[in-house]
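Trainee: Could we go through this model together, asking at each step what a label rests on?

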Number of protein chains: 2
Amino acid sequence: MGLSDYLKHAARRVDEYIYSFVTGTPKELYEASLHLIRAGGKRVRPALALLSSRLVGGSEEDALPAAAALELIHVFTLIHDDIMDRDDYRRGVPTVHRVWGEPMAITAGDLLFAKAFESASRLLERGIEPGRVVEAMRVLAKAASTVAEGQALDMMFEERWDVTVDEYMDMIYRKTGALIEASARVGGLSGGASSEEVEALGEYGWRVGVAFQIRDDILGIYGSGEKLGKPVYSDLREGKKTLLIIYAMQHLDDEGREFLKRVVGNPNASQEEYRRAAELIREAGALDHAMERAKKLVDEAKKSLSRVDARDEEAKEILVELADFIVRREY
Amino acid sequence: MGLSDYLKHAARRVDEYIYSFVTGTPKELYEASLHLIRAGGKRVRPALALLSSRLVGGSEEDALPAAAALELIHVFTLIHDDIMDRDDYRRGVPTVHRVWGEPMAITAGDLLFAKAFESASRLLERGIEPGRVVEAMRVLAKAASTVAEGQALDMMFEERWDVTVDEYMDMIYRKTGALIEASARVGGLSGGASSEEVEALGEYGWRVGVAFQIRDDILGIYGSGEKLGKPVYSDLREGKKTLLIIYAMQHLDDEGREFLKRVVGNPNASQEEYRRAAELIREAGALDHAMERAKKLVDEAKKSLSRVDARDEEAKEILVELADFIVRREY
């Protein structure tokens, strides 16, 4: 099975589990909570957890409650991020707060967060030893704390023009890398990995995760709005301090810098000004630089992966393909 | 030691643990997260967890990570509720979103939620057996899901005038009872309780919790703003459908009902109109009815407690005193 088919397979398994598990009253709350899950998404995190379990000799079955937990945490952060960023569209549909209002959206996110830990505790019923279940839940909790830190940093960076590349890399590790790292770790823990193997999987995960975010930042400026399910140039409008902006600010002349400062984060700038900003950023070499960084991370991720003695060759091949996919994806 | 001294003792222990555990960067996020914890609060939930552990023969030490987790979940819900209710003051200080803005407040709540599960996983380091730790974490997660459901119901009730007493009782079980039930359960689990004892402690907990919420609703209309650290009549202004309002709507004549409909939930009503509404609600017998219900719940809670074979008489006495305190507290 190739990556594309595997992602579909993982999505089917995990979605089925989530829909049977995340039910209750009031109906409005559960509808709001499941809205973005129903809207699609790639299910990269659960796929990574299922594959990591198989890689070390476990089954997908073993890791399913953890895989679902990862998607639930991911979607919870999306719901809250959309409120904070005042985003209107995600995965091609109106965001949760646009449909149900902010109070219900905040609560819907909180519900998914709680359900994630309920789900992870069910690893016990799959016969995973209790010590490993606690460790998996701790990894999830630590990742969620780290994501909150990353989200706070991201917001604080929006008001600054002097963010350094190091600060940026630290921020995206926290905001995106940590949860993808956790995906590989809890998959490994569920599947019976040794502690060295859990570490190697964690390294693979955060490197892939950080590369994923860099690619996301590239798509946030140069991607197709249609494929992404959200408006083009949204990152420019919101003034996100991405690697591309930071690099461009360091490599443009005064005139270019002034132009970016005027346009990036200015919701009243014209579409033509955003287009010109995107062009300037590319001319500064920022797009090439970002792609090189992402590719280097993916190469290192594959090296980390090779430290795990693969008990399932297909799982290993898909994990390698997943790493490669990260840097060439268009959505 | 009496209840009042015990609450101070529990607060000191739990706060010390929380302040050493909830640290990190960015500083702004951690400051926002700890703001309401620093502002005070009774620490009823952690006290209940510590006492429940002692009651069944465990130590306070054993239950400390779980006790801290309960306060962290509680404060996380307060931060998010204040955003949703647009409340400006809590525990006598400006609410988190008033000081740091909504996006940072949402994230601060999310951080505390994650830290709660990190904390609970540390029960392992106190020598609690892993199966019990998973069970405690599951109880916490289930309670947090239930609180989200209760919060959603509470919001939905604000727009309805036909909420029944049964619907109300179900809502406050979820919004308040479930987390206090969880406090007693995880304390028992940490302290080595049998499953029957965990059940009995859970019953004690939710009954005390529901009584606590009824008393809260009484104080929300008849309490002193100064003692509560928030404006008087705030529940009337927000249109909360409390037991008192529901009862009054069922027992007033048409004129009284029309007056309540006009004033309750109307932010433009005058202080004099709120005062008159409070008087009408009392005249309808709602205050007496609510107090009777709360007292009955507290009596039943004490019966549940007596099903646990007390290994620590002082802990038992304080738990009984805590139940009694619930219905006479003024803050």
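Mentor: Gladly! Let's start with handedness: a crossing is left-handed if the near helix is turned anticlockwise from the far one by less than a right angle, and right-handed if clockwise. The helices themselves (H or I, at least four residues) and strands (E, at least two) are DSSP runs, numbered from the N terminus. This is a predicted model, in which local features need pLDDT of at least 70 and side-chain atom pairs count only at pLDDT 80 or more, while totals for chains, interfaces and linings use all residues. Residues are numbered from 1 along each chain as its sequence is written, with chains lettered from A and ligands numbered from 1 in the order in which they are written.

Trainee: Which hand does the crossing of α3(A) and α16(A) have?

Mentor: Left-handed: that is how α3(A) passes α16(A).

Trainee: And what angle do the axes of those helices of chain A make?

Mentor: Roughly 140°, between α3 (residues 44-55) and α16 (residues 313-328) of chain A, with the axes coming within 9 Å. Axes here are lines fitted to C-alpha atoms, for helices over the stretch in contact, and angles run from 0 to 180 degrees between N-to-C directions. Angles under 35 degrees count as roughly parallel, over 145 as roughly antiparallel, 65 to 115 as roughly perpendicular and the rest as oblique. That value falls in the remainder, so α3(A) is oblique to α16(A).

Trainee: Which residues meet there?

Mentor: From α3(A) come A:Leu48, A:Leu51, A:Arg54 and A:Leu55, and from α16(A) come A:Ala315, A:Lys316, A:Ile318, A:Leu319 and A:Leu322. Contact means that C-beta atoms, placed from the backbone, lie within 7 Å. By class, this contact has seven nonpolar, no polar and two charged residues. For those classes, Ala, Val, Leu, Ile, Met, Phe, Trp, Tyr, Cys and Pro are nonpolar, Asp, Glu, Lys and Arg charged, and the others, Gly among them, polar.

Trainee: What is the angle for α3 and α16 in chain B?

Mentor: In chain B, α3 and α16 pack at about 140°, with their axes 9 Å apart. That makes α3(B) oblique to α16(B). The crossing of α3(B) and α16(B) is left-handed. Among the residues making the contact are B:Leu51 and B:Leu55 of α3(B) and B:Leu319 of α16(B).

Trainee: How do you know that the bond between A:Thr25 and A:Pro26 is cis?

Mentor: Omega is about 0° for that peptide bond, and A:Pro26 lies in the loop between α1 (3-21) and α2 of chain A. A cis peptide bond also joins B:Thr25 and B:Pro26, with omega about 0°.

Trainee: Which residues touch the most other members of the largest nonpolar core?

Mentor: A:Leu140 and B:Leu140, in a core of 240 residues. Such a core is a set of buried Ala, Val, Leu, Ile, Met, Phe, Trp, Tyr and Cys residues joined through C-beta atoms within 7 Å. Beyond four places in sequence, B:Leu140 touches residues including B:Ile73, B:Phe117 and B:Val186.

Trainee: Finally, how many residues of each chain are in contact across the interface?

Mentor: 38 residues of chain A are in contact with 38 of chain B. On the chain A side, the largest share, 17 residues, comes from α7(A). That side divides into 23 nonpolar, eight polar and seven charged residues.

Key. Two residues are in contact if their C-beta atoms, placed from the backbone, lie within 7 Å. A residue is buried if 20 or more other C-beta atoms lie within 10 Å of its own, exposed if 12 or fewer, and partly exposed in between; C-beta atoms are placed from the backbone.
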